[in-house]
Amino acid sequence: MKTFKKVMSLAVVAAMALSVFGCAKNDASETEAAESAQSQVDAEYLSYAEYEAAAIDTQVTVLCTVMATQSWWEDKITVYAADQDGAYFIYEMACSEEDAANLTAGTTILVTGYKSEWEGEIEITDATFEFADVDGVAIAAVDLTADFADDDALLAHQNQYFSMSGLTVEAIGDNGEAFFYKWDNSGTQGDDLYFTVSDGTVTRTFTVEAYLTGADTDVYQAVEGLNVGDTIDVSGYMYWYEGPNPHITSVSVG
Amino acid sequence: MIKSRKALSLLLSFAVLASSFLMSACHEQVERHEFIVPDAFDSMHQYEITFWAKNDTNINQTRIYNQAIEDFEALYPNIHVTIRLYTDYNKIYNDVITNIATDTTPNVCITYPDHIATYISGENTVVPLDNLFTDPNYGLGGALVRFNSPSVDQVVPEFLDECVINNRHYAIPYMRSTEALYINKTYVEALGYEVPDIVTWDFVWEVSNAAMAQNADGTYAVNGQSVMIPFIYKSSDNMMITMLRQLDAGYSDNMGNIGLFNNTTTSILRTVADEVGQGAFSTFTVSGYPANFLNAGQCIFAVDSTAGATWMGSDAPLSDIHESEIVDFETVVRPVPQFDTANPRMISQGPSICIFNKEDPQEVLASWLFAQYLLSNEVQIAYAGTEGYVPVTTMAQQSQEYQDYLNDPAQYSIKIAATNMFLDNIDNTFVTAVFNGSTSLRNAAAQLIDSTVKSVRRHETINDDYFDHLYAEVTALYRLDQLSGAKDSRTDLGPLPAESKFLLTLLGVVWIGIGAYFITDLVKKRKKA
């Protein structure tokens, strides 16, 4: 177990990479963070390794940095988060609308919930949280291009922010469509998008999760503009549903 | 299938607040006169109607809707139908309530009677259909309807009765399904059992417990895998509701009185807790889709809708798991587990169609004609064939085309088995009472099961205190105390406040004064005369 004293080391790490979030802190704010960490010295949390080792259905507390959130609804929000060692998918965390507005990328939160598994996705459910007044950890995308065809290698990076490059868009439907609205094209604009990509050896289906990146976002519109045969670079979160089912947050055509 | 998980949990929670929101919204909405059937349909005027439909994330259903619209517009060239597709009933419910407040409801809407019960809390919002049913020209089987429409008598009575709220029909049934027990017969027999025609709860628990036997290496003996959840129920609310009905225990009544929290409920939850403790049972909410576990050989008894039959079994046409994970086994379909095999009970569910009232009665009539077209054989038989649905008209059920479909060896056998199971048991189906708030009650029933499952897995103590706390928590979350209280007209509200007494007294004095003035004035006039 760690305590909030270790938040100080997090703050140091964060200070080295604040440019990612574009919110460099001055000395005064670092002092405030340290004081806050001291004030919560009794709060214990798991390291990522301890979280990873914890059994399913056990209560866990983790300190993590928000990477992104899905849309808030009725006092719940789903969060993509990480620390310097791994990533967390926090499903429908209890959260007021006011707090949800402050769950921006780079915010550090202390989350308590239950480690759960749903269709292969390891996640934290029935969670509550509190803001930790310390700077977030910079989360850089891990390049998984070389692991594209390897399920086990991708599993090791479950929930992490990742990138892949040089993938080829393949037809997803019998009629040569480059993408579907919903998995079988039974949906309409505004629904999740599905598209398939290949590295030349394996074909995978990627998703643009509408609750994360809706129809008005660049990634949604980029996928709607894809053509079969395009070479693309992507980034997103390595979500899992009966295998890799990444939630893509950016697409650029090479 | 991925999205459903979020949509369900997100949107079910919306339902908790929907009723109260609608009540306030209705105060602001445009007042609408009750619809009266026009003498004749205006074929010269152009009508644009909107149709909010639901599909099971099934492209074939989308195609059938589109084909139905095309065919209908060919019959009625002055009616243009715009479809808006949903894959979740609760999302429709959400949007309808929002649009009632702004007077922008759709014309025709696929929905559940539970939801209509909330919609009709606004006056004349939803059109009662009784007069339309029997209109000689435009009613069901009416003389001037331009397609072969079923008569009222040809709509399955059990299904039509489900659309009655406050003694009026506010909907017509569109499709019906029930739940089925999909069984890995191969594993049941490997465990030394035979699958009976009607399976009891005791049988399911006994076989499930037997399936927990493990090899020395920790794998399960029956499947040789590290994962085995012998019994998974897709719809936790249906599980609780069905068990209560089978045991003739309380749930709710037509007046909206809630009887969910009773000793039988506690007994059911204790059984659930025991079985979860042995690893024998879980739910969709906690573990995932029953079909995925069943097809991977990690589940023996999977309860899901007959409308999900194409996902069930080794040879299922639809699957979310990789084909390398699918295990070869024989699937059989049975009614959901029963307490009394001589008196089987199973839920009837499925979409219905309602029509929203509009300023122009001709627009409403156009809406009705389209809604009625959805009961034609062309639509009923085609849509029923997409899953284990059953047509809601005897006209369709008894047609040669539908009989050919049921006997078509090219159809997926599990889908046909599920459909036949339902057709054989229509008399054994039931529905729950519909009232403003019944959706919240249903969600509460689900939460009792799911919370118990989670608590056991998390090694919480399950005892009387646990259930007392759970009932209080669920009651508060879904505001069930407010639902029950609102329905009890005998509740003693206590003495009137002093301000009220003063105002009432003042009102009385004013009326007395007005009366005295008129009498005095009358006497004076008579004297003058």
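## Basis and confidence

The model is predicted, and local features are reported only at pLDDT of at least 70, side-chain atom pairs only at pLDDT 80 or more, while totals for chains, interfaces and linings use all residues. Residues are numbered from 1 along each chain as its sequence is written, chains are lettered from A and ligands numbered from 1 in the order in which they are written.

The predictor gives the complex an ipTM of 0.82 and a pTM of 0.84. pLDDT is the predictor's confidence in each residue, from 0 to 100. For chain B its mean is 89, and 89% of the residues reach 70 or more. Residues 6-29 of chain B stay under 50, and the model has 48 contacts beyond four places in sequence for them. Residues 485-494 of chain B are also below 50, with four contacts beyond near neighbours in sequence. Two residues are in contact if their C-beta atoms, placed from the backbone, lie within 7 Å.

## Chain B overall

Chain B has 21 helices and 16 strands. Helices (H or I, at least four residues) and strands (E, at least two) are DSSP runs, numbered from the N terminus. Of the 529 residues of chain B, 47% count as buried. A residue is buried if 20 or more other C-beta atoms lie within 10 Å of its own, exposed if 12 or fewer, and partly exposed in between, with C-beta atoms placed from the backbone. Among contacts in chain B between residues at least 6 apart in sequence, 75% join residues at least 24 apart.

## A five-stranded sheet in chain B

An open sheet of chain B has five strands in the order β10-β9-β11-β8-β12, with mixed pairing. Two strands pair if DSSP finds at least two bridges between them. β10 (281-283) and β12 of chain B are the edge strands, each pairing on one side only. From one strand to the next, the twist averages 25 degrees.

Strand β8(B), residues 179-184, is mostly covered, with six of its six residues buried. Glu179(B), Leu181(B) and Ile183(B) point one way from the strand, and Ala180(B), Tyr182(B) and Asn184(B) point the other way. In a regular strand the side chains alternate between the two faces of the sheet.

β8(B) runs antiparallel to β11(B), residues 301-305, and five bridges join the two. Here Ala180(B) stands opposite Asp304(B), and Ile183(B) has Phe301(B) as its bridge partner. β8(B) is also joined by five bridges to β12(B), residues 331-335, again antiparallel. In β12(B), the bridge partner of Ile183(B) is Val332(B). Helix α17(B), residues 413-424, lies across β8 and β12 of chain B and runs at about 15 degrees to β12(B).

## Helices α9 and α18 of chain B

The axes of α9(B), residues 236-246, and α18(B), residues 438-457, come within 7 Å and cross at roughly 95 degrees. α9(B) is therefore roughly perpendicular to α18(B). Axes are lines fitted to C-alpha atoms, for helices over the stretch in contact, and angles run from 0 to 180 degrees between N-to-C directions. Angles under 35 degrees count as roughly parallel, over 145 as roughly antiparallel, 65 to 115 as roughly perpendicular and the rest as oblique.

On the α9(B) side, Ser236(B), Asp237(B), Met239(B), Met240(B) and Ile241(B) take part; they meet residues of α18(B) including Arg442(B), Ala446(B) and Ile449(B). By class, this contact has seven nonpolar, two polar and three charged residues. Ala, Val, Leu, Ile, Met, Phe, Trp, Tyr, Cys and Pro count as nonpolar, Asp, Glu, Lys and Arg as charged, and the others, Gly among them, as polar.

α9(B) is mostly covered, with nine of its eleven residues buried. The buried residues include Asn238(B), Thr242(B), Met243(B) and Leu244(B). Just after the helix, Asp248(B) takes a positive phi of about 55 degrees.

## Chain A: interface and backbone

Chain A has 20 residues in contact with 22 residues of chain B. The side of chain A that touches chain B has six nonpolar, six polar and eight charged residues.

Lys182(A) has a positive phi of about 70 degrees although it is not a glycine. Lys182(A) sits in the loop between β10 (180-181) and β11 (193-198) of chain A, and is buried, with 23 other C-beta atoms within 10 Å. Glu242(A), also not a glycine, has a positive phi of about 55 degrees. Its loop lies between β13 (231-237) and β14 (247-253) of chain A. Glu242(A) is partly exposed, with 19 other C-beta atoms within 10 Å.
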